[in-house]
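Reader: I would like to go through a structure with you, starting with its confidence and then its interfaces. Could you display it?

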Amino acid sequence: MREFRYERPATVAEAIRAVSHDPEADFLAGGTTEVDLMKDGVFHPDLLVDITRLPLRGVRRNGTMLQVGALTTMEELAADRTLVERAPFVVEALLRGASAQLRNMATIGGNLLQRTRCRYFRDPAVPACNKREPGSGCEAVNSVARMHAILGASPACIALHASDLAVPLVALDAVVHIQSEEGERLVPLTQFYLMPGETPDRENVLRHGELITAIDIPLPPPGTRSIYLKIRDRASYEFALTSAAVAVIMDGGVIKEARVAMGGIGTIPWRCFEAEEVLREAPATPDTFRSAADGTIRDPFVVPGTAFKVELAKRTLIRALTEVTS
Amino acid sequence: MTTIQQPRILGAGVNRVDGPLKVTGQARYPNDFNLPGMAYAAVVRSTIPSGRIRRMDTTAAEKSPGVLEVITHENADHLGEAPPSFVKNPQPPLQDDVIRFYGQYIAVVVADTQQNATAAARRIEVEYDRHEALLDPHDPRAERIKDPWGEDTAWGDVRTALNRAPVMIDQTYTTSENTNNPLGLFTTVASWDGDTLTLHDSNQWPNMIQQVVAAMFGVPRDAVRVLTPFVGGGFGAGLRCWSHIPLAVMAARHVGRPVKLELTRPEMFTGLGHRTASINWIRLGATRDGRLTAIEHESLTTLPLDGDEYEPCSSVSTWSYASPNVTTRDQQVRLNIPWTNFMRAPGDAQGNFALESAIDELAWEVGLDPLEIRLLNYAEVDPKTGRPWSSNALRQCLEVGARRFGWSERNPEIRSMRDGHELVGYGVAGVSFFWYQQPCSARVIVKGDGSAYVRSAVTDIGTGTYTIMAQLAAGLLGLEVDQVEMQLGDSSMPVGTAAGGSGLTAALGSAVHDACGRLIQKFVDLAGTDPFSPLANVPFEDIEVSEGRLFRKGEPTRGESLARILAVHGLTELSADGNSTPNSPEQLGMTPAGARGARFVEVRVDEDLGRIRVARIVTVNDGGRILNEKLARSQILGGTVGGVGMALFEETVTDKDTGRIANATFGDYLIPVNADIPDVHIEFVGEPDAFNPIGVKGVGEIGLVGVAPAIANGIFHATGKRIRALPITMDMLMD
Ligand SMILES: Cc1cc2nc3c(=O)[nH]c(=O)nc-3n(C[C@H](O)[C@H](O)[C@H](O)COP(=O)(O)OP(=O)(O)OC[C@H]3O[C@@H](n4cnc5c(N)ncnc54)[C@H](O)[C@@H]3O)c2cc1C
Ligand code: SF4
C-alpha cells in the first residue's frame, strides 16, 4: 500500500469539500471494499476522507418510508423492526451477505457502491480490464468466469454487481439522496447504476465528490409477502450465483401486485419489469412463473463459465415465486 | 518393560498440552517473531508462465521510501544446489532469467516496514521475452514421464481377465487442483550472526530446512538452526524447502539485519505447491455376482517444469480390494505450472475417488448393495504379496459404520427417496490408506525431581504431537502427563523426520518408546550398582514402572522412585537417546497396513436447482492404537471437512492462456464453511497394529479420503447422475 493522507472531518460539508477538491481523494466508510482494493493495489487514493463519524447513521420512519442514513451498518439495518415486519426480504438479503464481522463494519452507502468481485479487476497484474484501465480490453470474457453477469454484459465487460442488498432495494424503488457542493439531488436506485456499455469504468451516476447521505426505502403495503432467495455453491459466506427478490400482494390464488429483481446475473442489480408485467393479475401457477422467468432472461450474453446461469436464474425466480405465493 | 501400560494415560482424551499457550496467545508462531533491527521483505512474481526476463527496471523501487535493498537475478548471491529430501526441493531462486511458471519469484525487496517493501515491490517494471507455455496436460509437446517412481505394478493377467470378465466397468475419473491453504501465512524470519544462521520458519520438517539451507548457502549444517515449535497448519505445504526461505536468508545477508518474509495469501497459492489435478482411467472386471477379477488403474498427474512429485494415484488399487489380476500405472506430465506438492493424502485422495466410484458403478451394474460389494471383495491378505496384514479392520469399519448410519433403511432404487424439493441419496466408500514411516530420533531425560522432558527436532503442525508424545512418555515412564515437558521444533535437537505422510506418530513414538526403554534400563543398571537398592538383582524383564517408581512386577513395595535413584547417585538428570527405523515387511512376514476407514453420507440434491447439501456423515476408522481419542477425532473431523471441500468446493483454477491462478484468494477459492458441514459421527475400530512397537497407524490424513466418492455415490443414488469429476457443482446436476 502506498502512503496516503487521512482526514476525518466533522461535518458533511467539509467531507464533501475535501473530496471534491482533490481528484485523487476517496471517501472511507466501513472500508471493506475501499481498503481491500487499496491493499490489492487497485485503488491508490492520495487522500482518504473518513466519513464514519458524520451524523448519517440510523433509521427513521417517515410515513410509508424508511429513511436510512448512509452510514448505518448492514447489521443495524437488518435489526430494524419495521423492516423485519414490512419488508423481510431486505433483511434476508442483508443477513445472507458477507459475514457478521463484515456486516458490523460495512455501511449501507458503501454496500451500494461496492465494486465487482471480478478477479481480473482485482489483480493489477492482469493487463486487460476495461473497468480498471479503460480501453485495455476484458480478460474475464476469455477466461474463467463463473461469478460473472449474463444480463447487461458485453464483450467489453461482464462484471457482476454483487450487492445483495441492492436487489430488493431496486425492487422497492428505493431512492438515493446525493449531496454535493451544489446541493442535494434524489436519484431512484433503478436509475442510479449505469450499464457498462463502452465505459465499464463508470458504474453509477455519482460524480467525484458527491456523497450518499441516505437511502429512502418505500415500505410495501401491509400484507405484502416477500422473499430473498440466494443460490450459491457454499451454504453461507459467498456471493450469489443467482438470487431473486420478490414481493407480492396476493388475492386468493391471484397475484395482484408484484415487485421482482434479480442478483448474481446482472452488471447492475436487475429489476425485472417484464416479470412484474406477466405476474400482475395472473394466477400463481407454474406456467405464470415460467413465463415471468422467460421474460426476465432475454438475450443473455454468456461465456462458457456463465452459460449455466441462464437456466439457473430462471429456476431461481420460479422457486422464489413458488415459495412466496404458496 | 517394552509393553504399553497405563491405559489411564495412553488413549485418554486429555486436552492438548499446548492448548493454554495457544489460546492465550503465548505460543509464538514464525510470524510472531520480531527481532531488533528487523527489516521486511516483499517478493515480486513473474506475470508470464514461460520465457525470459529481458529487462528489469528497479530504479523506482530502489528510490521508494524505506527501501534497503532490491535483489534480482542480476545481483543475487550464487547459491549451491538444493539437495533432495525424499522428493526434490526447488533449486535456489534468482539464479537466472528463465521463467518457468506464472508467479515465480523474480525479485525480493527489503525495506524498513512491510508496507514500504510491498509498495516498492509494485514499482518494479519487467519486460519479458515470452515463450509459448505448456499448460494443457494433453499438449503433445509436454514431456511425459512414465512409471516415475518405479512403482508400476502388475500381477496376474489383466488383459485376459478383462476380456473374459462377464461384467466390466471402464471409466475415467478426474480431480481438480487443490491448494493446501494452511491458515498461518508461511513466514521466514532469518537472522545471521557471523556465519551462523537462525530461522523462525513455517514448515513441517525443521531438519530438512536446515539441511537444504545449509547446502544452498555453503555453511555447515550445524551453523543453521531452524525453529518451528509452532506452525499455523501445513496439510503438506511445509514438506519442502520453498524458495521464499532462501530469499529471506539471502535478503538478511544483503542488508546485514534480520529479515522477515511473510507470504500473502495469493503468494501462498503459487509459492507452496498444490495438489495436482489427476486423470484416472479405471477398468474393472468382475463376475456376475460382483467378485472382482481384474483391476486396471492408470493415472496422469502434473509436474512443474523443474520439480518432481510423488503422487502415485493408482497405488490404492494394489491394496484396497482382493483381485487376482491387477495392473497399475502412473504417468506425469511436465507443464509451466507452479509446483505440485503433497496435500493431505497425496495420491490416495484422488486414486481412492476413482476406485471407490468405479466399485460403486460395478455394484449398480451387477445389482449388488454398494456396501455388500465392498465386503465381498475385502482383501483378507495383502493381494500383491499374499502376506498377512499387520492389521486391517476395513470390514469392521464398513459394518460398524453401516449400523450407525442406518444403511439398511435406505430404499436401494435410485431417485426413490425425496423430501420436498430435495432428492435424498445414501453413499458409501471404503478407504485403504498407504503406510509410511521414516527414521526418527528422540531424547528422553528424567530430572532430579523425577519429572521428564522429551526432545526431538520434529514439529507439531497442530495435530497434537506434543500431547500424544507426552502421554506416551508418561505412560512408559510411569509419570503423569503434566510431569513430561515436550520440547519440539528445533533442528538442534535429536534429528527428527517430517510431520507428514501420517507417519510421525509411528516414527517419533517408536523413537520415544526406544528412548524410554533405554532410560529405564539405565535406571535399573544404576540401581543395580547400589547394593541397598530394593531393585538390586531384579532382572530388567521383571521391572515395572508406575507413579514415578520402578518396582518388581507383582511386588509394588519392592521398588524405588526415579528421583531417589538419581539422588542416591548424586545425579541431576539421566537421559537416553532413542531411534526408530521402520521394520521390514520381509522380516516380520507381514505387510504394514496404513489406516483403514469407511464413509457413509446422506446427500440432498435440490431437483430443480441442483444445489447439493451433505446432511449426515458417519466416518469409522481403524487407526491402530489410538493414543488420544479426542485429538484423533479432531484429525478425522478436520479431514472430513477437507474431504467435503475436495468433493464440492475446492478447485484451483488456472487461466488457460497465461497460467495465472485465477482464484488465489479466500473469497474466490471456496473451502467449506460451518454451514456446509453437518453433524459428523466419528468412531474408531481395530486393534493395535503389529508393525511398530506402539501399535499406531497415523490418522492425520485418512479422514479426508473417501469422503468425495461417498458423496458422489450418494449423489448417484439420489439423482441417477454419475459425476466423475471433482468438485461436483450444482451446474452438473441441473437437469
Ligand atoms: C469477504 C467479503 C464478502 C462479502 N460478501 C458480500 C455478500 O455476500 N453480499 C454483499 O452484498 N456484499 C458482500 N460484501 C461486500 C460488502 O458488503 C461491502 O464491501 C460493504 O458493504 C461496503 O461498505 P463499506 O462501508 O465497507 O464501504 P467502503 O469500503 O468504505 O466504501 C466502498 C466505496 O464506496 C465509497 N463510499 C462509501 N460510502 C460512501 C458514501 N456514503 N457516499 C459516497 N461514496 C461512498 C467509498 O469511497 C468506496 O469507494 C463482501 C465483502 C467482503 C470483503
Ligand atoms: S469483466 Fe469487467 S471488470 Fe472483469 S476484467 Fe472484464 S472489464 Fe474488467
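Predicted model: local features only at pLDDT ≥ 70, side-chain atom pairs only at ≥ 80, totals over all residues.

Reader: What are the ipTM and pTM of the model, and what pLDDT does chain B average?

Author: The model has an ipTM of 0.96 and a pTM of 0.97. Chain B has an average pLDDT of 96, and 99% of its residues score at least 70; pLDDT is the predictor's confidence in each residue, from 0 to 100.

Reader: Which domains does chain A have?

Author: Chain A is assigned domain 1 (1-53) and domain 2 (56-326), with bounds from an automatic or database domain assignment. Their contact (heavy atoms within 4.5 Å) takes 22 residues from domain 1 of chain A and 22 residues from domain 2 of chain A. The domain centres, taken over C-alpha atoms, are 25 Å apart.

Reader: How much area is buried between these two domains?

Author: About 1800 Å² is buried there, and carbon and sulfur atoms give 68% of that. Buried area is the accessible area (1.4 Å probe) that two parts lose on being put together, summed over both. On the side of domain 1 of chain A, A:Ile16, A:Thr32 and A:Val42 supply 26% of the area buried against domain 2, more than any other three residues.

Reader: How many salt bridges and polar contacts are there between the domains?

Author: The count of salt bridges between the two domains is zero, a salt bridge being a side-chain nitrogen of Lys or Arg within 4 Å of a carboxyl oxygen of Asp or Glu. Three residue pairs, both at pLDDT 80 or more, are in polar contact across this interface. A polar contact is a pair of N or O atoms within 3.5 Å; within protein, one must be able to donate a hydrogen and the other to accept it, and residues adjacent in sequence count only if both atoms are side-chain atoms.

Reader: Turning to the two chains, how many residues are in contact?

Author: 35 residues of chain A are in contact with 36 residues of chain B. The chains bury about 2700 Å² between them, 54% of it on carbon and sulfur atoms. In chain A, the residues that lose the most area to chain B are A:Arg234, A:Arg315 and A:Arg319, together 26% of what that side buries.

Reader: What of salt bridges between the chains?

Author: There are five salt bridges between chain A and chain B. One joins the side chains of A:Arg319 and B:Asp608, at 2.9 Å from N to O.

Reader: Finally, where is the cis peptide bond?

Author: The cis peptide bond joins B:Leu726 and B:Pro727, with omega about -5 degrees. B:Pro727 is in the segment after α17 (707-719) of chain B; helices (H or I, at least four residues) and strands (E, at least two) are DSSP runs, numbered from the N terminus.

Notes. Residues numbered from 1 in each chain as written. Chains lettered and ligands numbered in written order. Heavy atoms only, no water.
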